[in-house]
Amino acid sequence: MISSAILRRVGASPSMLNSNSLEGITHSLQALVSSIPSFTSFPSSPTGASEPPTHRPAPMGLRSFSCSPSSSSMAGGNRFAGHGDPGYHATTILCVRKGGKVVLIGDGQVSQGSTIVKPNAKKVRRIGENVLVGFAGSAADGMSLVERLEAKLEEHPGQLVRAAVELAKQWRQDKALRFLQAELLVADETTTLTVSGNGDVLEPLGGVMAIGSGGLFAVAAARALIDLPDMDAHSIAFKSMKIASEMCVYTNNNFVIETHDSKEESQSP
């Protein structure tokens, strides 16, 4: 015999069971099933209406977030520097051309997110005898692009513009290269160029050009100093980079400098 407590639980009356009718038993079983809570049911609101659960954000310490520069790069790479994105890489590389000299200078800071990992990396180097190159962005990507530029210069010796254009075309079209996160600043005795993954090969007007997160600061300072007669290319580049390092948190004052003669400037009166 079913106890009265169970009958009250399922909402059935004793008369339903005593009648031994199929209808009474069926009704009791249905009441018992309906009394079992559903795992997919929503909690009731104070008004009695059923409401879906609201999303509760995780505590701030557990949230994932991205800093402006990307998580791992020699030049403090940034996440804003992918294919099709003209964003800045977290470093500063500056080229100044004046008085028969061309100077390429870069800082040495290695950043991972908001942490300084290394203060004296070498991001500026010489290819062959007369080509200077600096890179901003991921270390592996930048060095890979420098090697590819060197290969293009071997195919087209003495033709920096053609080599840069061929590299930009390959960089843009190759499925593997198009995701490299870096940018190059190259210079020889007559030409200064930037090469990016967007397919851009740009030459500056006025002999001053820079890349990286502190590039705008360095260019502005160099342009302000370029007309001073008592400052040569080396002193302008050094002073401009010092100003950029004081304004850009991803640029330090451990500079690497490469210098080469500039035929175009040396032949001008």
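**Reading a predicted model**

Colleague: Which residues of α4 and α5 meet?

Modeller: From α4 come L145, R148, L149, K152 and L153. From α5 come L160, A163, A164, E166, L167, Q170 and W171. The cut-off for contact is heavy atoms within 4.5 Å.

Colleague: Now the strands. Why does V96 count as buried?

Modeller: V96 is found in strand β1. Buried means under 20% relative accessible area. V96 has 0% relative accessibility, so V96 counts as buried.

Colleague: What is V96 in contact with, leaving aside its neighbours within four places in sequence?

Modeller: The contacts are K101, V102, V103, G207, A222, I226, A233, I236 and A237. Take G207. V96 and G207 are 111 residues apart in sequence, yet 5.8 Å apart in space, C-alpha to C-alpha.

Colleague: How do you know that β1 is mostly covered?

Modeller: Six of its six residues are buried. Both faces of β1 are covered. I93, C95 and R97 lie on one side, with L94, V96 and K98 on the other.

Colleague: What makes β1 and β2 a pair?

Modeller: Two strands pair if there are at least two bridges between them. β1 and β2 have six bridges, in the antiparallel sense. R97, for one, has V102 in β2 as its bridge partner. The two strands form a hairpin, with two residues between them. In the turn, G99 has a positive phi of about 60 degrees.

Colleague: How many bridges join β1 to β10?

Modeller: Four bridges, and the strands run antiparallel. The bridge partner of V96 in β10 is V208.

Colleague: What is the strand order in the open sheet of four strands?

Modeller: The order is β10-β1-β2-β11, with antiparallel pairing. β10 and β11 are the edge strands.

Colleague: What makes β10 and β11 edge strands?

Modeller: Each pairs on one side only. β11 (256-261) is joined to β2 by six bridges. There, I105 stands opposite I257 in β11. α6 packs on the sheet and touches β1 and β10. The direction of α6 makes about 165 degrees with that of β10.

Colleague: Which residues of α6 are buried?

Modeller: In α6 (residues 215-225), they are G215, A218, V219, A221, A222 and L225.

Colleague: How do you know that they line one face of the helix?

Modeller: Look down the axis of α6. The buried residues fall within an arc of 165 degrees, so they line one face. An α-helix has 3.6 residues a turn, so residues three or four places apart point the same way. The face turned away from the buried side of α6 carries the exposed residues L216, R223 and A224.

Colleague: What covers the buried residues of α6?

Modeller: The cover includes β1 (93-98), β10 (208-211) and α7 (233-247).

How values were computed. Residues are numbered from 1 along each chain as its sequence is written. This is a predicted model: local features need pLDDT of at least 70, side-chain atom pairs count only at pLDDT 80 or more; totals for chains, interfaces and linings use all residues. Side-chain values use heavy atoms; hydrogens and water are left out. Buried means under 20% relative accessible area, exposed over 50%, partly exposed in between (1.4 Å probe, protein chains only). The arc is that of the directions from the helix axis to the C-beta atoms. Axes are lines fitted to C-alpha atoms, for helices over the stretch in contact, and angles run from 0 to 180 degrees between N-to-C directions.
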